[in-house]
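This report describes one protein chain, first through a single side chain and then through the chain as a whole. Please keep the sequence and the model in view while reading.

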Amino acid sequence: MKILSEKISEKYLITALKIYNFYISNSTSNFEEKKLSLKTFKLIYKKTRANKLPFIIAIKDKVIVGLAFVSKFREKSGYRFTYEHSIYVSKNFTNHGYGSIILKELIYLCKKNKNIKNLIAVIGGSNNYASVKIHQNNGFKYIGTLSKVGYKKNKWVDSIYMQKKLWKK
């Protein structure tokens with residue numbers, strides 16, 4: 001599998017957006033309720049890259065398997081070393097270990113950025129066992145669950161918080 005982390009073509013961004021929008025429409029793992037436009041998704045990509053944060057796309061046999069990117073955890077200055085990440089695997093490639101491969105690469109790139117000291121996973125839905133497992137297997141620690149903080153598809157949804165410290169004391 002090949003990981004693209006530098007300039008990502010519009011063609012690849014269009015396919016990555018389809019994966020992202022699939023999770024908006026078909027799950028509670030992403031708390032967005034309306035599909036993103038290509039323009040909005042490109043703005044996320046450009047903002048991520050402008051902030052020198054990782055945005056990656058995984059490709060196997062010329063097919064996009066998944067994507068992941070990092071964003072600020074919170075806007076307040078005291079959180080400046082803590083970042084949240086998003087990771088999505090194409091529905092055609094789930095349960096084959098690709099999520100873990102993508103997450104490992106994202107962690108590797110985050111460790112190269114001296115400003116990223118903590119990586120937070122905000123997992124939508126307390127029944128999102130696959131995401132919890134992928135994060136546990138990659139060194140994330142369970143921090144807690146915020147009960148019924150999201151509302152999507154006419155139901156309340158929990159958020160699971162997991163953390164990986166990227167720095168040594």
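Which backbone oxygen does the side chain of S27 reach, and at what distance? In this predicted model, the side chain of S27 reaches the backbone oxygen of Y23, and the distance between them is 2.7 Å.

**Two residues of one loop**

S27 is placed in the loop that runs between α1 (10–26) and α2 (38–50), and L36 lies in the loop between α1 and α2 as well. With a relative accessible area of 16%, S27 is buried, because the cut-off for that class is under 20% relative accessible area. L36 also counts as buried, at 13% relative accessibility.

| Residue | Relative accessibility | Residues touched |
|---|---|---|
| S27 | 16% | F22, K152 and K153 |
| L36 | 13% | L17, Y20, N21, I24, F41 and I44 |

Among the residues touched by S27 are K152 and K153, whereas those touched by L36 include L17 and I24 as well as F41 and I44.

**The chain as a whole**

The secondary structure of the protein chain consists of four helices and seven strands, and when read along the sequence these elements follow the pattern β-α-α-β-β-β-α-β-α-β-β. The radius of gyration of the protein chain is 15 Å, which agrees with the value near 15 Å that a compact globule of 169 residues would have. Taken along the principal axes, the box filled by the C-alpha atoms is roughly 40 × 35 × 30 Å.

Of the 169 residues of the protein chain, 47% count as buried. When contacts between residues at least 6 apart in sequence are considered, 63% of them join residues at least 24 apart.

**Surface and charge**

The protein chain exposes about 10200 Å², and carbon and sulfur atoms supply 51% of that area. As for charge, the protein chain carries 34 positive and 9 negative side chains, and the centres of these two sets lie 4 Å apart.

Definitions and conventions:
Residues numbered from 1 in each chain as written. Predicted model: local features only at pLDDT ≥ 70, side-chain atom pairs only at ≥ 80, totals over all residues. Heavy atoms only, no water. Rg over C-alpha atoms; globule rule 2.2 N^0.38 Å. Buried < 20%, exposed > 50% of the residue type's maximum accessible area, 1.4 Å probe, protein only. Contact = heavy atoms within 4.5 Å. Areas by Shrake-Rupley, 256 points an atom, 1.4 Å probe, with all protein chains shown as cover. Lys, Arg positive; Asp, Glu negative; His and termini not counted. Charge placed at Lys NZ, Arg CZ, Asp CG, Glu CD. Polar contact = N/O pair within 3.5 Å; in protein donor to acceptor, adjacent residues only side chain to side chain. Lists of a residue's contacts leave out its neighbours within four places in sequence.
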